[in-house]
Amino acid sequence: MTEIQPAQGARHVVVVPGSIDMVSLLGPGDDHLSLIERSFDLRLHVRGNRITLEGDPGEVALAERLLDELVTLIRTGQGISGETVERVLAMLRAETTERPAEVLSLNILSNRGRSIRPKTLNQKRYVDSIDKHTITFGIGPAGTGKTYLAMAKAVQALQAKQVNRIILTRPAVEAGERLGFLPGTLSEKIDPYLRPLYDALHDMVDPDSIPKLLAAGTIEVAPLAFMRGRSLNDSFIILDEAQNTSPEQMKMFLTRLGFGSKIVVTGDVTQVDLPGGMKSGLRVVEGILGEIEDVSFQRLTAHDVVRHKLVGQIVAAYDDFDAHGPLGSRRSAGDDVR
């Protein structure tokens with residue numbers, strides 16, 4: 001029951017269902033409760049399974065929605081962390097139409113007792129776009145889960161027999177310059193560029209089965225140059241670090257699309273490593289394909305960084321500097337930022 005008191009604002013008592021463990025909701029040592037108190041301009045009091053909220057009516061209503069979303073998440077079997085509380089609150093304050101509990105409980109893939117799920121609204125929209133479109137571009141800074149989520153969707157599609165194989169590729173931007181001076185075979189020289197893809201793959205597939213899948217061609221990890229001249233049918237194809245493709249390479253890659261296949265292209269247009277004067281294919285492609293119905297461009301930002309909290313703050317600080325500092329001035333003139 002809510003009782004409005006003009007002098008004190010609103011007062012509302014939230015009764016948490018008896019099936020919900022209050023420690024899970026409030027956190028060990030009431031850590032989640034303390035976080036909620038710091039995040040709202042209101043007073044909270046807990047007695048048993050009753051939480052009393054007092055303060056500004058808008059803040060009281062928002063805090064009640066937060067508690068409701070957290071209870072819903074707990075009912076799905078998920079553990080609640082301080083990060084979860086912050087992400088739910090950020091979505092609620094953004095006043096999105098999607099419920100935070102629906103975003104955070106979307107299970108893409110489970111492996112060895114670990115589930116891979118989107119952790120932000122933009123990540124869910126990105127995942128949904130991969131389901132709905134034949135070609136999806138995921139553009140955003142490091143740590144936003146662009147490649148990781150794309151690979152989870154690829155493994156999910158393979159397990160569901162929606163595709164027959166997964167193809168993971170990256171441009172080796174220094175292949176014509178420095179790799180020739182490294183010892184070893186071509187495969188050994190290129191391996192460092194592909195290592196991040198192997199690392200993500202090991203999180204999602206039983207490591208013992210990966211050599212067999214690679215040997216059978218069910219999973220292929222190769223540099224972008226190896227895609228030329230091929231037509232890729234019934235495949236889930238991921239191009240990572242696409243900002244380091246030329247416009248010609250991007251066209252070559254996209255035209256490899258065969259029947260029954262899906263493509264995801266990921267990259268960060270602020271981290272181009274191409275030689276001086278060369279345009280990035282990822283920067284120009286939206287202007288070329290932006291009006292095609294079955295091609296989707298999804299953008300992630302510093303708010304979608306799911307690594308250490310400080311990484312998101314670093315990305316945001318650099319974005320601000322680029323927008324207002326000397327780098328921003330050069331970029332507005334059409335120059336690449338390297």
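A crossing of two helices is left-handed if the near helix is turned anticlockwise from the far one by less than a right angle, and right-handed if clockwise. Keep that in mind for two helix pairs below.

The model is predicted, so local features need pLDDT of at least 70, side-chain atom pairs count only at pLDDT 80 or more, and totals for chains, interfaces and linings use all residues. Residues are numbered from 1 along each chain as its sequence is written, and side-chain values use heavy atoms, with hydrogens and water left out.

Start with the whole chain. The protein chain has 13 helices and 12 strands. Helices (H or I, at least four residues) and strands (E, at least two) are DSSP runs, numbered from the N terminus. Of the 338 residues, 46% count as buried. Buried means under 20% relative accessible area, exposed means over 50%, and partly exposed is in between (1.4 Å probe, protein chains only). Take the contacts between residues at least 6 apart in sequence: 69% of them join residues at least 24 apart. A contact means heavy atoms within 4.5 Å.

Now go to D30. This residue sits in the loop between α1 (22-26) and α2 (31-39). Most residues other than glycine have a negative phi. D30 is not a glycine, yet its phi is positive, about 60°. Its relative accessibility is 37%, so D30 counts as partly exposed.

Further along comes helix α3, residues 57-75. Its 19 residues reach 27 Å from first C-alpha to last, close to the 27 Å expected at 1.5 Å a residue. The expected span is 1.5 Å times one less than the number of residues. D56 caps the N-terminal end of α3, with a side-chain oxygen 2.9 Å from the backbone nitrogen of G58. Which residues in α3 are buried? They are E59, V60, L62, A63, L66, L67, E69, L70, V71, L73 and I74. Just after α3, G77 takes a positive phi of about 95°.

Next, the helix pairs. Two packed helices are described by the angle between their axes and the distance between the axes. Axes are lines fitted to C-alpha atoms, for helices over the stretch in contact, and angles run from 0 to 180 degrees between N-to-C directions. Helix α6 (residues 121-132) and helix α7 (residues 146-159) have axes that come within 11 Å and cross at roughly 40°. α6 and α7 are therefore oblique to each other. Angles under 35 degrees count as roughly parallel, over 145 as roughly antiparallel, 65 to 115 as roughly perpendicular and the rest as oblique. α6 passes α7 in a right-handed crossing.

K161 is not a glycine, but its phi is positive, about 60°. It is exposed, with a relative accessible area of 73%.

The second pair is α10 (residues 247-254) and α11 (residues 281-289), packed at about 60° with axes 8 Å apart. That angle makes α10 oblique to α11. α10 passes α11 in a right-handed crossing. P247, M250 and L254 in α10 meet G281, L282, V284, V285 and L289 in α11.

Finish at S261, in the loop between α10 and β11 (262-267). Is S261 buried or exposed? At 9% relative accessibility, it counts as buried. Its side chain reaches the backbone oxygen of L232 at 2.7 Å. Leaving out residues up to four places away in sequence, S261 touches T134, L232, N233, D234, S235 and I237.

Methods
A polar contact is a pair of N or O atoms within 3.5 Å; within protein, one must be able to donate a hydrogen and the other to accept it, and residues adjacent in sequence count only if both atoms are side-chain atoms.
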